[in-house]
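Trainee: Could we go through this structure together? I would like to begin with the pockets.

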Amino acid sequence: MVIKTAEYLISNVDWEKCPTPDKPEYAFIGRSNVGKSSVINMLANNEKLAKTSGTPGKTQLINHFLINKEWYLVDLPGYGFAKVSQSQRKSWERMIEDYLRKRPNLSNVFVLIDSRHTPQKLDIDFISKLGEWNVPFQIIFTKADKNSQLETSRNVKAFLNKLRETWQFLPASYVTSAVKKTGRDQILAFIEEMNARFQRIA
Ligand SMILES: Nc1nc2c(ncn2[C@@H]2O[C@H](COP(=O)(O)OP(=O)(O)OP(=O)(O)O)[C@@H](O)[C@H]2O)c(=O)[nH]1
Ligand SMILES: [Mg+2]
């Protein structure tokens, strides 16, 4: 898919104030600093679209971007960021849960996992929640350029094996590097397919 236009639309704390749900939507979630905003920029081919930062906790709201005037990319705050108050964490969790469970045009959630690490309980638990909530998702392994291919594939395998302990069928997964633009074409191909499906249903 060719990206012709990518524009920032709006930031919200409230799912009900998000743009009219008349277009297919793809949200990106994962631990703080895992690379959500960077993957969005890679897909949109625009380094400046979503704000990235070396300091975790950069993205704090539900941010909508309109791509090719046809579909939405959504940047979400990360989970597992230690340096926030208990009450702020609770309100983020509520905001994200409401958004994920109630947004009617959410075609898929991409859960981002840092490919440099062995499986983390926080990520596995979050994925279990998505299952409980019946939210469709796929997995994006990030920052593959930071490790050797061998190390990356070892971590990817370990993570998927961990998921197999509780999931009968595994979702699709992608290995990405925002720096090298690895995985971009595969993710965009999936989005294109889902967009076509959305048009048929609508
Ligand atoms: N080498 C490398 N660095 C990356 C990659 N993706 C992200 N980064 C770096 O990781 C840091 C965090 O990236 P962000 O995209 O801001 O992460 P985020 O998940 O949006 O973070 P929060 O909004 O704080 O939750 C930044 O310094 C990025 O430049 C990648 O594929 N390769
Ligand atoms: Mg971010």
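Trainee: What is the volume of the largest pocket?

Mentor: The largest pocket has a volume of about 450 Å³, and please keep in mind that this is a predicted model. Its lining consists of 18 residues, and those closest to the centre are Tyr-79, Glu-93, Leu-122, Phe-126 and Lys-129.

Trainee: Which element gives the most to that lining?

Mentor: Helix H2 gives the most, with seven residues. Both H2 and H3 supply at least two residues each.

Trainee: And how do the lining residues of the largest pocket divide by class?

Mentor: Nine are nonpolar, two are polar and seven are charged.

Trainee: Moving on, what is the volume of the second largest pocket, and which element gives the most to its lining?

Mentor: The second largest pocket has a volume of about 370 Å³. H1 gives the most to its lining, with four residues. The lining has 27 residues, and Asn-33, Val-34, Gly-35, Lys-36 and Ser-38 lie nearest the centre of this pocket.

Trainee: How many of its lining residues are nonpolar, polar and charged?

Mentor: There are six nonpolar, 15 polar and six charged residues in the lining of the second largest pocket.

Trainee: While we are on H1, where does Asn-41 lie, and is it buried or exposed?

Mentor: Asn-41 lies in helix H1, which spans residues 36–44. Its relative accessibility is 1%, so Asn-41 counts as buried, the cut-off being under 20%.

Trainee: Which backbone oxygen lies 3.0 Å from a polar atom of its side chain?

Mentor: That is the backbone oxygen of Glu-47. Setting aside neighbours within four places in sequence, Asn-41 is in contact with Asn-46, Glu-47, Lys-48, Leu-49, Ala-50 and Thr-52.

Trainee: Which residues line the largest cavity?

Mentor: Arg-31, Val-34, Ile-113, Asp-114, His-117, Thr-118, Pro-119, Gln-120, Asp-123 and Phe-159 line the largest cavity. By class, four are nonpolar, three polar and three charged. Val-34 in this list is also one of the residues nearest the centre of the second largest pocket.

Trainee: Where is Gln-120 found, and why does it count as partly exposed?

Mentor: Gln-120 is found in the loop between S5 and H3. It counts as partly exposed because its relative accessibility is 28%, which falls between the limits of 20% and 50%. The C-alpha atom of Gln-120 is separated by 20 Å from that of Val-39, and the two residues are 81 residues apart along the chain.

Trainee: Finally, the core. Which residues touch the most other members of the largest nonpolar core?

Mentor: Leu-100 and Val-111 do, in a core of 28 residues. Two or more residues come from each of strand S2 (25–30), helix H2 (86–102), strand S5 (106–114), helix H3 (121–132), strand S6 (137–142) and helix H4 (149–164).

Trainee: What does Leu-100 touch?

Mentor: Not counting residues up to four places away in sequence, Leu-100 touches Leu-76, Leu-106, Val-109, Phe-126, Leu-130, Trp-133 and Val-135. Another core, of 24 residues, lies apart from the largest one, and its members include Phe-28, Ile-40, Leu-188 and Met-194.

How values were computed
Residues are numbered from 1 along each chain as its sequence is written. Chains are lettered from A and ligands numbered from 1 in the order in which they are written. This is a predicted model: local features need pLDDT of at least 70, side-chain atom pairs count only at pLDDT 80 or more; totals for chains, interfaces and linings use all residues. Side-chain values use heavy atoms; hydrogens and water are left out. A nonpolar core is a set of buried Ala, Val, Leu, Ile, Met, Phe, Trp, Tyr and Cys residues joined through side-chain atoms within 4.5 Å. Buried means under 20% relative accessible area, exposed over 50%, partly exposed in between (1.4 Å probe, protein chains only). Contact means heavy atoms within 4.5 Å. A polar contact is a pair of N or O atoms within 3.5 Å; within protein, one must be able to donate a hydrogen and the other to accept it, and residues adjacent in sequence count only if both atoms are side-chain atoms. On a 1 Å grid over the protein atoms alone, a cavity is a set of points where a 1.4 Å probe fits but cannot get out, and a pocket is an open set with protein on both sides within 12 Å along at least five of seven lines; lining residues have an atom within 4 Å of a point. Ala, Val, Leu, Ile, Met, Phe, Trp, Tyr, Cys and Pro count as nonpolar, Asp, Glu, Lys and Arg as charged, and the others, Gly among them, as polar. Grid points are joined across faces, edges and corners, and a volume is the space filled by probe spheres set on the points.
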